[in-house]
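Student: Could you walk me through a structure and show me how to read its features, one at a time?

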Amino acid sequence: MSELKGTIIAAHGRHYLADAGGVKLQCVTRGKKTNVAVGDVVHLKKTSEDQAVIERIADRKTLLYRSDQYKSKLLAANISRLFIVVATEPGFADDLVSRALVACEAAGIEAHLILNKIDVEDNLPRARERVAVYAALGYPVHELSARARPEEAVATLMPLLEGHSSIFIGQSGMGKSSLINLLVPDADIAVREISEALDTGKHTTTFTRLYWLEGASAGSSIIDSPGFQEFGLYHLTEGMLERAFVEFTPYLGGCKYYNCRHLAEPQCAVLGAVAEGKIAKMRHELYAQLLHESAQTLY
């Protein structure tokens, strides 16, 4: 059978679902390879009416992934924007937010923050104070309430999603699913169809999936990822890490030693900026932690 081109719209284990011009195909890779990500453009060979084998993956524009000491997990390919969903309640982890921002910088993906549940007014001042740290670094913050003001939420987000392939990430409980359901009215139906195709049954929240945005320009899509509590970046090297902290940029090259690690060296420009409050202590501590992690990598 002739070769087809499609986009991977869901992944579960070694099983994938591709959209090839509106036709959904259940796919597998040749052999035991699992290096396919949602958002990948793939070349397929049909093996039956609704099944195909992935022959090869087209060149990627971007690849977002996380890694621990032993393995890496692909999150999405070919995305241009990432939205980190945080909320006034429950509490969100700054560590997770910063790690996602570092991953975006390293992968060349534009990052935005969404502060959801702004109708919970008692917690709003503190939440604003916390996201202000990221706004000061140049990351846009969009305030909204998916439940209390759904129309406003859609009006805020749709122009930002137009013409982009975006991914939404965040911890459980931040309202990410509520936002996806607002932006993709048929999301629930799509999830059921994908679950049946991938045979995941009730485990609908355990896989990443891509939705095309109706009413937006061709190629505009939104990827929903499962809520997670960890974002390992063991794959980033020292050089990649120092460049992924945007606030370090003005000070790089200003240290006494050319191979400065910005940890405890004398006359380090980055440490000087931390001492002066120009770089948040919390962010520098994460940088030190990530350096430590990258030294533990075994794979």
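Predicted model: local features only at pLDDT ≥ 70, side-chain atom pairs only at ≥ 80, totals over all residues.

Student: Fine. How many cavities of 30 Å³ or more are there?

Tutor: The general idea first: rolling a probe the size of a water molecule over the atoms shows where empty space is left. Here the count is 1 cavity of 30 Å³ or more, and the space in the largest cavity is about 70 Å³.

Student: Which elements give two or more residues to its lining?

Tutor: Those are β8 (81–87) and α1 (94–107). The lining includes Ile84, Val85 and Val86, along with Leu96, Val97 and Ala100. Also among the lining residues are Ile169, Met174 and Phe228. By class, the lining has 9 nonpolar, 2 polar and no charged residues.

Student: On to the backbone. What should I look for there?

Tutor: Most residues other than glycine have a negative phi, and most peptide bonds are trans. Exceptions deserve a look. In this model, a cis peptide bond joins glutamate 89 and proline 90, with omega about -10°. Proline 90 sits in the loop between β8 and α1.

Student: And which residues have a positive phi although they are not glycine?

Tutor: Histidine 262, with phi about 60°, and glutamine 267, with phi about 50°, are both cases. Histidine 262 is in the loop between α6 (238–244) and α7 (269–275), and glutamine 267 is found in the loop between α6 and α7 as well.

Student: Is histidine 262 buried or exposed? And is glutamine 267 buried or exposed?

Tutor: Use the cut-offs: under 20% relative accessible area is buried, over 50% is exposed. Histidine 262 has 2%, so it counts as buried. Glutamine 267 has 58%, so it counts as exposed.

Student: How many aromatic pairs does a search of the whole structure find?

Tutor: It finds 4. One of them joins phenylalanine 83 and phenylalanine 168, a tilted pair at 5.2 Å centre to centre with 35° between the planes. Phenylalanine 83 is in strand β8 and phenylalanine 168 in strand β11 (residues 165–169), 85 residues apart, and the pair links distant parts of the chain. Both phenylalanine 83 and phenylalanine 168 are buried.

Another pair, phenylalanine 248 with tyrosine 287, is edge-to-face: 5.1 Å centre to centre, 75° between the planes. Phenylalanine 248 belongs to the loop between α6 and α7, while tyrosine 287 is in helix α8 (residues 281–294). Phe245, Phe248 and Tyr287 form one aromatic cluster.

Student: What lies over the face of phenylalanine 92?

Tutor: Arginine 130 does, at 3.8 Å from the ring centre.

Student: Last topic: how many salt bridges turn up?

Tutor: The search finds 18. When you read one, check the atom distance, the elements and the burial. Take glutamate 55 and arginine 30: their closest N and O atoms are 2.6 Å apart. Glutamate 55 is in strand β5 (residues 51–57) and arginine 30 in the loop between β3 (23–29) and β4 (41–46), so this pair ties together parts 25 residues apart in sequence. Glutamate 55 is partly exposed at 28%, and arginine 30 is partly exposed at 48%.

Student: What about glutamate 247 and arginine 283?

Tutor: They form a salt bridge with the closest N and O atoms 2.7 Å apart. Glutamate 247 lies in the loop between α6 and α7 and arginine 283 in helix α8, so parts 36 residues apart in sequence are tied together. Glutamate 247 is buried at 9%, and arginine 283 is buried at 1%. Salt bridges with shared partners also join Asp95, Arg99 and Glu293 into one network.

How values were computed. Residues numbered from 1 in each chain as written. Heavy atoms only, no water. 1 Å grid on protein atoms, 1.4 Å probe; cavity = no way out; pocket = protein on both sides within 12 Å on 5 of 7 lines; lining within 4 Å. Points joined across faces, edges and corners; volume = space filled by probe spheres on them. Helix = DSSP H or I, 4+ residues; strand = E, 2+ residues; numbered from the N terminus. Nonpolar A, V, L, I, M, F, W, Y, C, P; charged D, E, K, R; others polar. Buried < 20%, exposed > 50% of the residue type's maximum accessible area, 1.4 Å probe, protein only. Phe/Tyr/Trp six-rings, centres within 6.5 Å; stacked < 30°, edge-to-face > 60°. Lys NZ or Arg CZ within 6 Å of the ring centre and 35° of its normal. Salt bridge = Lys/Arg side-chain N within 4 Å of Asp/Glu carboxyl O.
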